[in-house]
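Biologist: I am new to this structure. Please take me through a few of its residues, helices and domains.

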Amino acid sequence: MATLSGRTRFRYSLGSFVTGSFGTVPGLVLVKYLTDTMAVPAGWAAAIVFVPKAWDVLFNPIAGRLSDADLIKTGSRRRFLLIGGIGVAILFAAMFAHPGFGKPLPDALYVAIAFAACATAYALFQVPFNALPAELTEDATERTKLTSVRIGVLAVTILVCGGGAPAISTGIGGVTGYRVMAVVIGLIVLAATLLVYFGLKDAPVGSLRPNTVSLKELVRTLAGWRPFRWLLGTYFIQALGIGTVLAAIPFFAQRILGSEGYGTILFVIFVGPALVTMPLWPRLGDRVGKLNGFRLATAAFAIGLLGLVFAQSIPLFVSFVFVALCGVGYAGISVFPLAILPDLITAEEERTGETRAGIAAGVWTAGETLGLAFGGGLWALILAFGGYVSSTDATAFQPDSAIVAILVGSSIIPGVLIALALPLLRRKVLEPRHEPA
């Protein structure tokens, strides 16, 4: 089996600037944008963050079927990458344009509609993007290398966009800060889309298998594909925890650590260790197994989050140590699910002789999207439960109940969610057996 060139790995991985930007920035700043510039009540914000993405649970598998069909017809999934990526770039900027209707409800509805449109475009990009590793190479070792490069670029994206977005919005301030931030992120997404589209023009494509076109057959396939459902359940729970953490960061920085400017510092401390340890997790996985590596990463992330419950009573640098430990664990729980997924796809395709990559990618994306959306929505509900006071300038006095909600919602709740994945990591389910159909 021919190895993939380093150039192909890198060009494919540039798509992580699209997935990382959309997966990180809205979850990080959208709730605060709504509550602290539009004065949208936290309960409304929960619906706005969740509902536009939730319907993707239905749309993403359809996008997978369409992507499979386009592969059969044209021999490539690149067209969907281009359309989806350009749509994300434009609609992301529109989402933070702040129309200024003068009342929270119409402003909130505008954001909800723009967010829903942007999520649709994102699905058209991410579904084929997730399907490509299983087709660029059928060799498990090569797929692991490809995934490692992709996750490395993703970590850089999170550092640049996740740290840069709040730095821009906070540094400039107000509505203008969010508008400038959104344009900058949109340009990054557009550049990455064009680079991955043209960069994969001559990339290899694996053998084409008959496409599954029936929705009934799609449901039946997933119902009988236990390892995929098991891995997806694990990933969903952890995406829920990650989504909660992302939404909590700016509130945690401002209300617990004392300055909104700490948000960028937290991201650097989080992503720095993730970048360093990202290439080490696959090596550890080779020695102890992917599932054991996944378990260790999960434990590290959960311990780091749970330690932050003491942030008000421990020195600041100790809180930063816990954040760094979260980054180490995050690197691992990012690498291992995406390293295991292509193995499950290949085993199922060998068993059935039919294309599963696009369908699996669509359902996988739906699970990730729903988990992150639930996380952001859960965070807004935590704020509402704590009695958080919304405003147009982020200076409203907050009751003690809101501070407690922010502290617990930033540490204990996501820590427990991350740790809940441990019982699901079962070897007998997630290590596929290559058996004939």
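Biologist: Is Arg150 buried or exposed?

Modeller: The relative accessibility of Arg150 is 8%. Buried means under 20% relative accessible area, exposed over 50% and partly exposed in between, with a 1.4 Å probe and protein chains only. Arg150 therefore counts as buried.

Biologist: Before going on, what kind of model is this, and how are residues numbered?

Modeller: This is a predicted model, in which local features need pLDDT of at least 70, side-chain atom pairs count only at pLDDT 80 or more, and totals for chains, interfaces and linings use all residues. Side-chain values use heavy atoms, with hydrogens and water left out, and residues are numbered from 1 along each chain as its sequence is written.

Biologist: Which residues does Arg150 touch, not counting residues up to four places away in sequence?

Modeller: Arg150 lies in helix α8 (residues 140-172); helices are DSSP runs (H or I, at least four residues), numbered from the N terminus. Contact means heavy atoms within 4.5 Å. With residues up to four places away in sequence not counted, Arg150 touches Tyr12, Ser13, Ser16, Phe129, Asn130, Pro133 and Leu338.

Biologist: How do α11 and α12 lie relative to each other?

Modeller: Helix α11 (residues 226-256) and helix α12 (residues 262-277) have axes 8 Å apart and pack at an angle of about 130 degrees. Axes are lines fitted to C-alpha atoms, for helices over the stretch in contact, and angles run from 0 to 180 degrees between N-to-C directions. Angles under 35 degrees count as roughly parallel, over 145 as roughly antiparallel, 65 to 115 as roughly perpendicular and the rest as oblique. So α11 and α12 are oblique.

Biologist: Which residues make that contact, and how do they divide into nonpolar, polar and charged?

Modeller: From α11 come Leu246, Ile249, Phe252 and Ala253, and from α12 come Tyr262, Gly263, Leu266 and Phe267. Ala, Val, Leu, Ile, Met, Phe, Trp, Tyr, Cys and Pro count as nonpolar, Asp, Glu, Lys and Arg as charged, and the others, Gly among them, as polar. The contact of α11 with α12 divides into seven nonpolar, one polar and no charged.

Biologist: Which residues does Thr24 touch?

Modeller: Thr24 is in helix α2 (residues 16-37). Its relative accessible area is 6%, so Thr24 is buried. Not counting residues up to four places away in sequence, Thr24 touches Ile158, Gly162, Leu246 and Phe267.

Biologist: Where is His98, and what is its phi?

Modeller: His98 is in the loop between α5 (78-95) and α6 (104-131). At 9% relative accessibility, His98 counts as buried. Although His98 is not a glycine, its phi is positive, at about 55 degrees.

Biologist: How far apart are the centres of domain 1 and domain 2?

Modeller: The protein chain is divided into domain 1 (7-202) and domain 2 (216-429), with bounds from an automatic or database domain assignment. Their contact takes 53 residues from domain 1 and 54 residues from domain 2. Taken over C-alpha atoms, the centres of domain 1 and domain 2 are separated by 17 Å.

Definitions and conventions
Helices (H or I, at least four residues) and strands (E, at least two) are DSSP runs, numbered from the N terminus.
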